[in-house]
Amino acid sequence: MACILHIETSTDVCSVAVSENGQCIYDQAERGGMSHAERLGTMADEAISFTDNHAIPFDAVAVSCGPGSYTGLRIGVSMAKGICYARNLKLLAVPTLELLCVPLLLGERIPVDGTAAEPLLCPMLDARRMEVYAGIYNRALHPVREVQADVVTADTYLPWLEEHEVYFFGNGAAKCMDIINHPHAHLLEGIEPLAKWMQPLAERCFLNSQFEDVAYFVPFYLKDFVAKQAKPLL
């Protein structure tokens, strides 16, 4: 097991946590809007001071890698890189939409019915208007549909809704429910991507030696979603 500093800045919530041996031993979250540039440095310093005072050496820094707020992700990744450089630590990337699923999978908000098709999870992050970044996962957190940018219509998730109960959550979900409007569609409110939930995903990366290049790593949607959505000029 490892001691990992977790940084999450993909939405208007800024959070930092520390995990050791699979347990969260420190966490702090700020919900004051997009003040990440002002608060993240102080929050990270306080988390580092906590571990230093308890003589706990870090092994890695995990950062939420998107999709999410362009500015928020840049701030979080820059902070994570700086700490990795200063302390010679490994860098871990945690996908934001998978992170959103963690509190549901650790809790009891998704019913289990052995006689029906397994329920699916659809975390959504707001991309303004009727657009969201979304993925679809099963309860083992395996992707049923890869993450992509969706313009939500009544048909966007219909193939999965016809066969499964689908649970929608995240800061992009509420605005979509009237449009999705299907009896198998369920809204779960109050689900946020927080650093304290990053531990199982970060530990998985660490144990599998899935480390990022500190010099060249950029948030996921900056290098992939923008490129995918770009259309060649004719």
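Buried means under 20% relative accessible area, exposed over 50% and partly exposed in between, with a 1.4 Å probe and protein chains only. This is a predicted model, in which local features need pLDDT of at least 70, side-chain atom pairs count only at pLDDT 80 or more, and totals for chains, interfaces and linings use all residues. Residues are numbered from 1 along each chain as its sequence is written, and side-chain values use heavy atoms, without hydrogens and water.

**View 1. Helix α1 spans residues 36-53.** Helices (H or I, at least four residues) and strands (E, at least two) are DSSP runs, numbered from the N terminus. The 18 residues of α1 reach 25 Å from first C-alpha to last, close to the expected 26 Å. That expected span is 1.5 Å times one less than the number of residues. After α1 comes A55, with a positive phi near 55°.

View 2. H36, L40, M43, A44, A47, I48 and T51 are the buried residues of α1. They fall within an arc of 135° seen down the axis, so they line one face of the helix. The arc is taken from the directions between the helix axis and the C-beta atoms. Exposed E38 and N53 sit on the face turned away from the buried side. The cover over the buried residues includes β1 (3-8), β2 (14-20), β3 (23-30) and α2 (70-87).

**View 3. Surroundings of A62.** Contact means heavy atoms within 4.5 Å. Leaving aside neighbours within four places in sequence, A62 is in contact with I4, L5, H6, I7, L92, V94, M198 and A202.
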